[in-house]
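Here is a short briefing for a first look. Please view the sequence and the model together before reading on.

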Amino acid sequence: MTIPSTDRSGTLIETRSIDYVPDDERHGKVGHQGPFWFVGNFQPFTLALGFVGPSLGLSLWWTVVAGIAGIAFGTLFMAFHATQGPVLGLPQMIQSRAQFGYRGVLLPLIGTLFTFVGFNVVDVVIIKSGLQEIFGWNSVAVAVVITVVAAGLAIFGHDLLHKAFRVLFWISLPLWLVLTYGVLSGDVHATTPAAGDFTWVAFLAQFGVAASYNITYAPYVSDYSRYLPRDTKPSAIISSVFVGATASPMWLIPLGGWMATYLGASDALAGINTTGNATVPMLGSVLAVVSTLVLVATMGLNAYSGMLTVVTGLDSVRSVRPTRRLRVVTILALAAAWLVMSLLLSNATAALNTTLLIMLYLLVPWTAVNLTDFFFVRRGHYVIADLFTPAGVYGAWSWRGLVAFAAGIAAEIPFVVLPFYTGPVATAMGDVDIAFVVGLLVSGVVYIAVTRSLDVSDELARIAADPSLSDPADAAAIADTVEAEEK
């Protein structure tokens with residue numbers, strides 16, 4: 001049994017996809033993680049999150065509080081997932097086979113693929129409608145061009161994405177600083193603020209979409225940390241990702257709330273254009289274009305991880321060789337899918353809240369199972385080679401993970417609040433949405449309960465006997481653990 005690898009001949013296009021990244025290819029730097037995730041959220045989609053509270057009658061103050069609290073909550077889970085990349089050198093959803101089985105992972109893969117494609121559909125709608133309103137550009141042409149660019153970034157892969165985000169960080173930062181100064185200094189002449197107050201329905205809706213925003217990064221945050229050295233300190237990667245991924249939303253969500261409250265903004269790019277031009281002539285137009293570039297780069301991020309999800313799914317049904325050709329074909333197919341769907345959708349604001357909530361409902365049970373397994377059940381020790389075969393220690397279907405995941409989804413249903421369905425408990429509570437909290441707790445508790453009978457000593461013994469199956473640095477510690485358990 002071997003860990004899959006691909007041809008490493010010289011090419012600008014990344015050759016790795018769902019396969020293992022060996023130590024001699026670990027060239028990432030933990031210091032790049034913070035700026036990377038900062039820029040990933042430093043774009044119009046994040047700003048648009050601040051529109052949700054005011055659109056439901058929430059005051060600016062409570063919109064800011066709910067938005068910041070939600071972002072901090074969601075990013076906590078995201079940041080802990082980032083620790084798995086350096087330890088295992090694998091994409092996130094390959095690692096999830098340990099909890100759900102080689103084929104059982106298909107169930108959470110459905111939710112993650114919906115997330116990646118859903119984000120890109122909404123991103124395209126935001127860009128094409130915004131640029132059409134600002135510059136009068138043809139929306140179909142814009143959608144096609146940005147789809148091609150995003151797909152290109154994803155095809156070239158991990159290193160180009162990291163470089164693009166670092167460049168965009170330094171271009172974007174001064175522009176947003178000037179715009180923010182204009183708002184705080186009163187240079188932007190606002191209208192009378194819209195009437196707003198506090199309601200639990202609006203507060204939790206704003207909290208929920210903010211929380212889901214970074215929780216939806218959880219299925220692929222380790223895709224971009226798997227090139228870090230194996231000895232990367234968990235505290236370093238957690239803090240870097242957490243600070244980077246929270247800083248930009250905590251900046252832009254209040255700005256979005258201000259634009260919605262004082263300018264009546266409902267389109268992110270149009271709001272940026274109006275506010276920026278009122279601060280400094282042409283600032284808004286320039287920032288709208290730069291923000292579009294950042295959003296396109298983020299679409300590349302989604303396409304890249306969407307490819308990993310699809311290839312993982314294909315491999316779970318029938319073993320495939322993760323070649324460059326398969327990566328390219330998969331990315332092009334995903335690009336065609338999100339382009340068609342985005343051309344059929346015209347109102348991004350209407351779709352934003354619903355899309356994020358569905359993502360949250362689907363991903364919270366998965367994140368509970370995955371993190372519980374990594375930190376409390378297997379404690380970061382996995383037979384990596386067995387993640388690539390249904391005949392390994394993790395099996396084709398792992399009933400424990402599937403039961404915990406299904407229990408979390410089922411527990412959420414009475415509590416969900418969506419435009420097309422409201423659960424009976426949520427209705428009785430006045431449409432207050434706490435479904436994601438319920439799903440998180442139920443899946444985590446159920447997984448702990450069903451794994452009480454799980455004996456991982458065989459896995460630890462195999463790793464100790466053949467350290468190449470996992471982390472060589474852990475071989476001695478694992479051997480001691482096995483010896484202690486045998487006694």
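Predicted model: local features only at pLDDT ≥ 70, side-chain atom pairs only at ≥ 80, totals over all residues.

Residues are numbered from 1 along each chain as its sequence is written, and side-chain values use heavy atoms, with hydrogens and water left out.

**Helices H8 and H9**

- Helix H8 covers residues 106-135 and helix H9 covers residues 139-156. Helices (H or I, at least four residues) are DSSP runs, numbered from the N terminus.
- The axes of H8 and H9 come within 9 Å and cross at roughly 135°. Axes are lines fitted to C-alpha atoms, for helices over the stretch in contact, and angles run from 0 to 180 degrees between N-to-C directions.
- H8 and H9 are therefore oblique to each other. Angles under 35 degrees count as roughly parallel, over 145 as roughly antiparallel, 65 to 115 as roughly perpendicular and the rest as oblique.
- The crossing of H8 and H9 is right-handed. That term applies if the near helix is turned clockwise from the far one by less than a right angle.
- On the H8 side, the meeting residues are Val124, Ile127, Lys128, Leu131 and Gln132. On the H9 side, they are Ser139, Val142, Ala143, Ile146 and Thr147. Contact means heavy atoms within 4.5 Å.
- By class, the residues of this contact are six nonpolar, three polar and one charged. Ala, Val, Leu, Ile, Met, Phe, Trp, Tyr, Cys and Pro count as nonpolar, Asp, Glu, Lys and Arg as charged, and the others, Gly among them, as polar.

**Helices H4 and H11**

- Helix H4 (residues 60-82) packs with helix H11 (residues 200-215) at an angle of about 30°. Their axes are 7 Å apart.
- H4 and H11 are therefore roughly parallel to each other. Their crossing is right-handed.
- The contact of H4 with H11 has 14 nonpolar, seven polar and no charged residues.
- H11 is mostly covered, with 14 of its 16 residues buried. Buried means under 20% relative accessible area, exposed over 50%, and partly exposed in between (1.4 Å probe, protein chains only).
- The 16 residues of H11 should span 22 Å, at 1.5 Å a residue. The end C-alpha atoms of H11 are 21 Å apart, which agrees. The expected span of a helix is 1.5 Å times one less than its number of residues.

**Helix H19**

- Helix H19 runs over residues 435-450. Its 16 residues should span 22 Å, and its end C-alpha atoms are 22 Å apart, which agrees.
- Buried residues in H19 include Ala435, Phe436, Val438, Tyr447 and Val450.

- Thr180 lies in helix H10 (residues 158-185). Thr180 is buried, at a relative accessible area of 14%.
- Leaving aside neighbours within four places in sequence, Thr180 is in contact with Trp251 and Leu255.
- Phe156 lies in H9. Phe156 is partly exposed, with a relative accessible area of 34%.

**Positive phi in loops**

- Met282 is not a glycine, yet has a positive phi of about 75°. Met282 sits in the loop between helix H13 (268-279) and helix H14 (283-317). At 53% relative accessibility, Met282 counts as exposed.
- Arg379 has a positive phi near 50° and is a residue other than glycine. Arg379 sits in the loop between helix H16 (348-377) and helix H17 (399-412). At 57% relative accessibility, Arg379 counts as exposed.

Methods:
Helix = DSSP H or I, 4+ residues; strand = E, 2+ residues; numbered from the N terminus.
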